[in-house]
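Let's take a walk through this structure together. Have the viewer open and follow along from one stop to the next.

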Amino acid sequence: MNIGLDHYIFLSALLFALGFFGVLLRKNTLVIYMCLELMLTAATLALVAFSRYNGTLDGNVFVFFILTVAAAEVAVGLAIIVALFRQRQTVQVDELNALKH
Amino acid sequence: MTPELLQAAAASNQWSAILPELGLGCLALLLLVLEIVLPKSAHDRIPTVAIVGQLAILVALLVNLTPAGLERDTFNGLLHHSRDGQFLRAFFLVTSIVVCLLGRVALAKQLLPKIEFYHLVLVVTAAMMLLAQSNHFVMLFVALETVTVGFYILVSYVRTSPLSLEAGLKYLIMGALSSALLLFGIVLLYGVAGTPTLPAHTGQAMNFDALSAFLAANPGNFVAQCGIALVLSGVAFKIGAFPFQIWIPDVYQGAPTPVTAFLAVASKAAGFAVLLVLTLKAFAPYAGLTVPLLGVLAAATILFGNIAALTQSNVKRLIGLSGVSHAGFLLLGVVAAVSTPLALGAVYFYLAAYLIATLAVFGVMTHVAGPNDADQELDHYAGLARDNPFLATVLAVGLGSLAGIPPLAGFMGKLFVFIAAFKAGLYPLLAVAIVGVVISIYYYFGWIKAAFFETWRAPQPEGTPDSRPARTPVAWPAGVTLGLLALASVVLGFYQGCFGEWLLNR
C-alpha cells in the first residue's frame with residue numbers, strides 16, 4: 001500500500017478527535033492533560049505531512065515553536081496540578097468543584 | 001536561499017519598531033535582578049520601579065504615536081505596524097499599569113513572593129502588544145501562547161488557596177483546549193493554501209496577506225472553511241463568547257482580583273484584536289462564512305451573558321458574566337466592521353470605554369475584598385456610600401458606564417457600535433443587543449443599590465463577628481488612579497474630542 005498525504009491527514013484528524021473527546025469526557029486531570037498533548041501532537045503530525053507534500057519548509061519550522069510552547073505549557077500545568085493535589089488531595093475533576101455560586 | 005534573500009530578510013528586522021515591547025521585556029528582567037541585588041528591606045520599592053518604568057514607556061509611546069514608518073511590515077512579514085496597533089499598545093500599557101497598582105493593594109493581604117507577579121504582568125503585556133500587531137500565524141501562535149501560559153501562572157498565583165489553584169487548573173484545561181483548536185485550524189489553512197494543484201497556491205501560507213490572496217482565488221473550499229471555523233472557535237474561547245464561555249465565571253471568581261481585572265480587560269481586548277485582524281484581513285474573502293458565524297455567536301453571547309448575570313450574588317462572577325455580554329456587543333461591532341469601516345473605530349472606542357469603566361470597578365473591588373479573594377458577595381457592599389463615599393462614587397460611575405447610562409463613556413461606546421450596526425443593516429442583531437442592554441441595567445443597578453441604599457439585616461446577637469471582610473483604606477496612588485478613571489468615564493461621555501476623531505475617522 002502506498003502511504004500518501006490523505007493517510008497522514010486521516011491519522012492526524014483521528015488523533016485530534018481522540019484527544020478532543022478525551023478532554024471532554026475523562027475525569028482524571030492527568031489523563032485530560034495527556035489528551036491535550038495528544039491534540040498538539042496531532043497538529044504537529046499534520047503540519048509535518050503538509051510540509052513534506054507541499055514542499056514548503058514553514059511547517060517544519062513551526063513544529064519547533066509548537067514543541068517549545070508545549071513544553072512550557074506542560075511545565076506550568078504539572079506544577080499547578082501538583083500544587084492543587086497538595087491542597088486538596090485529589091485530581092478528579094468532579095471533586096474539584098469548590099468554585100460555585 | 002541566496003545570500004541576497006538572507007540580506008533582505010536581515011534588513012527587515014527593524015528592532016527599533018518594537019522598542020516598547022523590548023523595553024517592557026528588559027524592565028521585567030530588571031525587576032528580577034533587583035530582587036536579587038537589593039536588600040529585603042528595599043523590596044517594597046520594586047513595584048514602584050515597575051510602575052514608573054511602564055509610565056515612562058507609555059509617555060514615550062504617546063509622544064511618538066504616529067512615527068514615520070507606520071503602515072509597514074517588519075521582521076519579514078511577521079509584524080504589521082498600524083495606527084490600530086499603536087492604539088492597542090497604549091491600551092495594554094494602561095491596563096498593566098493599573099493592574100500593577102491594584103496588585104500592590106491586593107498582594108499586601110497575602111504572604112507570597114511578590115516580585116514575580118509584576119514580572120509576569122510585564123511579560124504578558126509585551127506579548128499582547130506583539131499579538132495585536134502580528135501578521136503571521138507563527139507570530140500569532142507564539143505570542144498568544146506566551147500570554148496564555150503567563151495567565152495560567154497569574155490565575156493560580158495564590159498557591160496557598162485551593163480556590164485560586166482550582167481556577168488556574170480550569171483555565172489551564174480550557175486555555176490549552178482552545179489553543180489546540182486554533183492550532184489545528186492554522187495547520188489546515190497552511191496545508192490547503194500550499195497545495196500545489198490549487199490556483200494561487202503559496203509558499204508563504206502562514207502570512208495573512210498571502211493567505212488572503214489564496215482564499216480570494218479559491219472561494220468555497222471545504223478544508224479552508226473547516227480551518228477558519230476552528231481558528232475562530234479558538235479565538236472565541238479567549239474572548240469568552242457563547243458557547244465557549246464556560247470557564248469564565250469559575251476562573252474570574254478564583255483568580256486574584258487584579259488578575260481578574262487583567263483577564264477581563266487586556267485578555268479580552270487581545271482576543272478582539274486578533275479577531276479583527278483575522279476577519280478583516282486574512283479571512284476577508286470568506287466573509288460569507290465568517291459573518292453569519294460571528295453574528296449568531298454575537299446574539300447568543302449577548303443573551304446568555306446578560307441572563308446568566310441576573311442570578312449572581314458573587315460580584316466576581318457577576319462582572320465575569322457581564323463581561324461575556326460586553327464581548328457580545330463587541331462581536332456585533334466586529335460583524336458590522338466587515339461591511340462598514342466606521343465600525344472598526346467604534347469597536348476600539350467601545351474597548352477604551354470598557355477599559356476605563358471595568359478597571360474603576362475592579363479598583364473598588366480590590367479595596368472592598370478581604371484576604372479571601374474568591375469570597376466577594378454583593379452584601380459586602382452594604383453601607384459603602386456611608387463609610388467611603390469616594391469608593392462608592394467611583395463604583396457608581398464605573399457600573400453606570402458599563403450599563404451604558406447616557407452621559408457616560410460606555411453609552412457613547414454602545415451608541416457608536418449600534419450606529420455602525422445600523423449602517424451595516426444588522427437589524428435583528430441590533431434588536432437582540434437592545435434587549436440585552438435593558439436586561440443588564442437590572443443587575444448593574446442591583447450592585448449600585450447594594451452600595452448606596454441600606455437594606456434591613458437581621459439583628460445579630462451581641463458579640464457576633466461581622467462576616468464581611470474589613471475594607472482596605474485607599475492609599476494616594478490608587479486613589480488618584482481611581483479618581484482619574486471615574487473622571488475619564490464622565491469626560492469621554494460628554495466630549496470625545498481628538499481621541500474619538502483619531503479612532504473613528506478612517
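What follows goes from the overall build of one chain to the place where two chains meet, and then to a few local details.

Keep in mind from the start that this is a predicted model. Begin with chain B, which has 20 helices and two strands. Its radius of gyration is 23 Å, close to the 23 Å that the globule rule gives for 506 residues, so chain B is as compact as a globular protein of that length. If you draw a box around its C-alpha atoms along the principal axes, the box comes to roughly 85 × 60 × 45 Å. Inside chain B, buried residues make up 57% of the 506. Now look at how the chain folds back on itself: among contacts in chain B with a separation of 6 or more, 78% are between residues 24 or more positions apart.

For a helix pair within chain B, find α14 (residues 342–368) and α19 (residues 476–494). These two pack at an angle of about 145 degrees, and their axes are 9 Å apart. The crossing of α14(B) and α19(B) is left-handed. On the α14(B) side, the contact uses B:A353, B:I356, B:A357, B:L359, B:A360 and B:G363, while α19(B) brings in residues including B:L482, B:L485 and B:L492. Sorted by class, that contact of α14(B) with α19(B) has eleven nonpolar residues, three polar ones and no charged ones.

Next, turn to where the chains meet. Here 40 residues of chain B are in contact with 33 residues of chain A. On the chain B side, the elements that give two or more residues are α6 (137–155), α7 and α10 (248–254). Which of them gives the most? That is α7(B), with 17 residues. Taken by class, the side of chain B that touches chain A has 24 nonpolar, eleven polar and five charged residues.

Zoom in on α7(B) (residues 162–193) and you'll find it packed with α2(A) (residues 29–54), at an angle of about 15 degrees and with the axes 9 Å apart. Angles under 35 degrees count as roughly parallel, and α2(A) and α7(B) are therefore roughly parallel to each other. Their crossing is left-handed. Residues making this contact include A:I32, A:L36, A:L40 and A:F50 from α2(A), and B:I173, B:L177, B:F184 and B:Y190 from α7(B). The contact of α2(A) with α7(B) divides into 17 nonpolar, three polar and no charged residues.

Most residues other than glycine have a negative phi, and most peptide bonds are trans. A:Q89, not a glycine, has a positive phi of about 55 degrees. You'll find A:Q89 in the segment after α3 (58–88) of chain A, and it counts as exposed because it has 8 C-beta neighbours inside 10 Å. B:E71 also isn't a glycine, and its phi is positive at about 60 degrees. B:E71 sits in the loop between α3 (46–63) and β1 (72–74) of chain B; with 10 other C-beta atoms within 10 Å, B:E71 is exposed. As for peptide bonds, the one joining B:F242 and B:P243 is cis, with omega about -5 degrees. B:P243 is in the loop between α9 and α10 of chain B.

Terms used. Residues numbered from 1 in each chain as written. Chains lettered and ligands numbered in written order. Predicted model: local features only at pLDDT ≥ 70, side-chain atom pairs only at ≥ 80, totals over all residues. Axes fitted to C-alpha atoms, helices over the stretch in contact; angles between N-to-C directions. Helix = DSSP H or I, 4+ residues; strand = E, 2+ residues; numbered from the N terminus. Parallel < 35°, antiparallel > 145°, perpendicular 65-115°, else oblique. Left-handed = near helix turned anticlockwise from the far one by under 90°. Contact = placed C-beta atoms within 7 Å. Nonpolar A, V, L, I, M, F, W, Y, C, P; charged D, E, K, R; others polar. Rg over C-alpha atoms; globule rule 2.2 N^0.38 Å. Buried ≥ 20, exposed ≤ 12 C-beta atoms within 10 Å, placed from the backbone.
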